[in-house]
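Please take a moment with the chain shown here before reading on. The paragraphs that follow lead through it place by place.

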Amino acid sequence: MGETKQVLHNWKFKACEEKEWMAAVVPGCVHTDLLRNGVIQDPFYATNEHDLQWIDKVDWEYESTFDVEEDLLGSSRLELVFDGLDTYADVYVNGSHVLSADNMFRSWKADVLHVVKAKGNTLSVRFRSPVREDLPKIEKLGYNLPASNDQSELGGLGEQKISIFARKAPYHYGWDWGPRFVTSGIWREARLEGWSGCKITDVHIQQNQVTAAAASLTASIEIEAEHAWSGKLKLSTDGLSWEQQVTLETGNNVILLPLIITDPKLWWSRGLGEAHLYTFKAELLQEESIVASRTVRTGLRSIRLVRDKDAKGATFYFELNGVAVFAKGANHIPNDSFITDVTDERYRHEIVTAVESNMNMLRVWGGGIYEQSVFYELCDEYGILVWQDFMFACSMYPGDEAFLNNVRLEAEENVKRLRNHPSIVLWCGNNEIDSAWAQYDEEGGWGWKKNYTAEQRAVIWQDYEKVFHRILPDAVEALAPGTDYWPSSPLISLSGDIKQHAHPLSSEGDIHYWGVWHAVEPFENYNIKVGRFMSEYGFQSFPEYDTVMTFAQEQDLALDSKVMRAHQKNGDGNRLIKEYMDIYMSEPKDFPSFLYMSQVLQAEAMKMAIEAHRRNMPYCMGTLYWQMNDCWPVASWAGMDYYGKWKAMQFYAKRSFADTMISFDRTDDGQVQVHVVTDLLAPLSGDLQVTLYHFSGERLKQALLPIAIEGNSAAVVFALNEQEWLGEHEAGSVMLHAVLEQEGKLLDSKEFYFVNVKEQKLAKSAIRITELEGSGGTRFKLEADVLAKQVWITAEHEGMFSDNFFDLIPGVAKIVEFRLRETGEPQSKPVHAGNVQARSMIDFLAESKIEIS
Ligand code: BMA
């Protein structure tokens with residue numbers, strides 16, 4: 001009786017055609033192993049990516065030798081288990097073929113009881129080149145399928161886009177922020193599992209109805225039994241336990257145990273309450289001894305996506321425990337091109353960043369991977385809701401039986417693996433395919449349809465419907481009943497006519513608004529193109545100088561250098577940044593200044609978007625910007641770079657996502673409005689102070705008023721006449737500053753400028769930094785003599801400031817703390833900063849743009 005496992009170590013690898021073995025790390029992949037062995041140079045450095053495209057055209061072999069550990073020897077069942085093989089792999093134990101794999105997103109198992117010996121076993125995993133494997137499939141199909149982000153050319157394949165055939169992370173083939181590294185490898189744990197008697201293979205805590213009064217649950221427990229067995233099944237959590245006499249048959253058994261927990265501690269998303277988790281333990285007992293056990297963790301909550309018709313269209317929001325939640329967050333992509341390089345600490349840094357930025361939702365976007373367990377565990381713990389895509393993005397896929405079956409098994413396995421996570425609130429079929437193909441709109445979409453005959457089009461769409469309208473929703477319905485499924489993001493609804501496909505002015509469904517950026521619309525359009533749920537929108541920037549210097553040298557520091565171009569994957573990217581910078585910002589004095597300016601530009605754009613979305617609640621109930629993170633050092637839409645460094649935008653996002661926030665806007669009839677938005681449930685009252693400042697620090701005018709708004713709402717609390725307030729003052733030399741306090745405690749503050757940065761009359765400011773007494777070099781007071789815009793503080797030591805990229809108004813001091821990147825808690829430990837330097841926008845401008853006051 002019992003169950004044991006042996007993780008397999010001791011790996012080596014080589015190209016199948018070579019003789020020499022090299023040391024390998026599992027979990028890992030070919031690229032990281034080649035790098036570790038000094039065969040290749042850092043794939044992220046300079047233009048190395050271009051020289052490493054040979055790797056995906058080679059077959060690779062991994063080998064491990066092992067003795068079976070004592071504990072496993074007596075097992076009557078012995079299985080070889082791979083949690084992940086990327087991708088086309090044939091596995092041999094002592095020369096016998098035990099399994100073949102063809103899907104990175106599935107796990108693989110083989111019965112090896114009769115193939116292994118006690119000592120001296122050889123396990124060999126041969127990866128067939130994904131490129132050579134899939135190229136012939138294009139010919140078989142007779143035409144190319146669209147795959148807009150597949151960088152086939154860079155991979156030496158011309159127009160042959162093969163990414164659609166492999167059930168392998170789409171971004172491996174390149175994206176408009178990611179390099180092309182079509183790697184291979186054993187990317188999750190490989191082990192032996194031995195057991196005898198009975199084994200609990202799965203525990204699902206199905207939540208039938210959860211209210212504050214009671215949680216009505218069904219524990220669905222799967223048990224594999226070697227022989228018929230009877231005994232007791234016990235389930236326990238938090239001082240409660242349930243028991244049932246069970247009789248098992250040989251093979252698979254499913255036992256359903258109804259459970260009621262009265263007065264449950266509910267799971268809440270960040271900001272609304274505690275993200276309480278329950279650990280459930282299932283045990284099979286013979287007499288009083290434990291025969292098998294399994295533990296799962298979940299949170300009890302009711303969740304649904306509410307799409308009700310209303311006067312304007314239809315709602316689109318998540319209701320958690322009866323509360324309409326405004327979703328604030330970003331789109332998550334894999335944290336690395338080589339996913340096994342992502343340590344738990346890096347995952348934690350990302351999730352803690354989300355928490356510290358006042359987010360409550362991340363979308364696991366469909367061009368990456370179904371994330372590692374640690375990602376969801378952290379989201380569960382910190383109360384971050386997860387919008388989970390299936391891994392399909394910006395492409396049309398084949399529909400042969402083998403492919404469909406593979407997709408079905410992938411979907412079932414991943415839904416089953418992830419269904420106990422309370423953070424996952426939605427399964428979404430794919431990224432942007434419904435709107436890109438635009439079946440019911442002849443002229444709509446991305447122009448894909450035009451490349452196909454009527455028959456081909458019919459087949460392609462039928463295949464689409466099979467996957468996204470049948471196989472995937474069926475898997476969710478069967479394995480996570482009650483969980484919402486959304487066929488594609490963005491989408492209006494499955495109307496089966498031209499009204500199905502999303503567009504930026506739709507008053508139903510979710511929206512990806514890319515008018516700003518891809519279509520060069522002005523930032524101001526963020527105020528107009530507001531939908532019910534903004535699941536994507538974004539603006540690029542460059543990472544900071546230190547990050548650029550990890551892949552470039554001094555001589556590469558020009559936008560059009562080969563190296564910089566290799567680290568800008570969006571063809572129009574650099575031109576767009578420059579164009580927008582010309583409109584909204586002033587000319588930077590040199591390349592490092594350009595990097596800074598690009599960040600400020602992005603931050604300003606995202607602030608406009610986020611705040612417009614929030615001001616429009618409850619019409620709009622979600623805002624997820626593109627994109628949270630990077631998978632290598634690159635110019636991209638991310639708020640945080642590959643090294644986890646916060647760009648200006650991350651600090652701005654933190655402010656614009658604050659649970660209680662002040663936001664300014666302007667009306668067509670010359671009013672400046674002050675809005676207060678609160679996501680907290682309690683009614684809010686406080687004192688608002690709006691001050692007109694001259695950039696010199698002089699207070700020109702002020703209004704003071706009490707305000708009160710309902711909980712979980714947005715309202716205009718004050719409006720002023722712009723002309724009246726400006727009077728004789730030049731619009732480019734004055735600003736508004738609003739402060740909201742509650743019983744003397746600061747709730748939020750915000751600045752408003754009457755003109756773009758470009759037209760602001762900035763003067764050279766002296767920023768005074770004073771270390772706070774007794775803080776041990778961790779806390780600093782910053783003050784400016786004249787207005788200092790977008791103050792960037794840097795420190796000598798490793799760590800980050802509690803705030804950065806903020807405006808300093810003379811007379812309004814700012815206190816910041818320097819902290820370790822993180823210690824696992826959002827409020828991480830203060831550390832000594834060493835030398836501290838503060839620069840503001842004026843320090844980055846070309847001389848000619850500086851006003852001499
Ligand atoms: C959206 C995303 C990604 C892409 C981003 C920027 O369409 O879904 O495919 O990286 O835009 O172009």
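With which side chain does the side chain of Thr218 make a polar contact? In this predicted model, the partner is the side chain of Asn208, at a distance of 2.9 Å. Thr218 is found in strand 14, which runs over residues 214–225, and with a relative accessible area of 17% it counts as buried, because buried means under 20%. Not counting residues up to four places away in sequence, Thr218 touches His204, Ile205, Gln206 and Asn208, and also Leu256, Leu257 and Pro258.

The domain assignment gives domain 1 as residues 2–192, domain 2 as 197–298, domain 3 as 390–486, domain 4 as 659–761 and domain 5 as 762–853. Taken over C-alpha atoms, the centres of domain 2 and domain 5 are separated by 52 Å.

Gly271 lies in the loop between strand 17 (251–262) and strand 18 (278–286), and its relative accessible area of 34% makes it partly exposed. Although Gly271 and Asp679 are 408 residues apart in sequence, their C-alpha atoms are 7.8 Å apart in space. Leaving aside its neighbours within four places in sequence, Gly271 is in contact with Asp659 and Leu680. The second pair involves Glu413, which lies in helix 7, residues 401–418, and which counts as partly exposed at 25% relative accessibility. Glu413 and Ser107 are 306 residues apart in sequence, yet 8.2 Å apart in space from C-alpha to C-alpha. Again leaving aside neighbours within four places in sequence, Glu413 is in contact with Arg106 and Ser107.

After helix 5 comes Asn358, whose phi is positive, near 65 degrees.

The ligand is the next place to look. Around the ligand stand Trp175, Asp176, Trp177, Trp365, Cys394, Asn431, Glu432, Trp514, His518, Glu536, Trp626 and Trp637. An N or O atom in the side chain of Trp177 is 2.8 Å from an oxygen atom of the ligand, and the side chain of Asn431 likewise has an N or O atom 2.8 Å from a ligand oxygen atom. For Glu536, a polar side-chain atom lies 2.8 Å from an oxygen atom of the ligand. Taken alone the ligand exposes 310 Å², and the protein buries 95% of that.

The bond from Ser489 to Pro490 is cis, with omega near 5 degrees, and Pro490 has its place in the loop between strand 29 (484–486) and strand 30 (511–512). The peptide bond from Met617 to Pro618 is also cis, with omega near 5 degrees, and Pro618 is found in the loop between helix 13 (591–615) and strand 32 (622–625).

Two residues with positive phi complete the tour. Asp238 is not a glycine, although its phi is positive at about 50 degrees; its place is in the loop between strand 15 (229–237) and strand 16 (240–248), and at 51% relative accessibility Asp238 counts as exposed. Gln790, which is likewise a residue other than glycine, has a positive phi near 45 degrees. Gln790 is found in strand 42, residues 788–795, and at 0% relative accessibility it counts as buried.

Notes. Residues numbered from 1 in each chain as written. Predicted model: local features only at pLDDT ≥ 70, side-chain atom pairs only at ≥ 80, totals over all residues. Heavy atoms only, no water. Domains from an automatic or database assignment. Helix = DSSP H or I, 4+ residues; strand = E, 2+ residues; numbered from the N terminus. Near = heavy atom within 4 Å. Polar contact = N/O pair within 3.5 Å; in protein donor to acceptor, adjacent residues only side chain to side chain. Areas by Shrake-Rupley, 256 points an atom, 1.4 Å probe, with all protein chains shown as cover. Buried < 20%, exposed > 50% of the residue type's maximum accessible area, 1.4 Å probe, protein only. Contact = heavy atoms within 4.5 Å.
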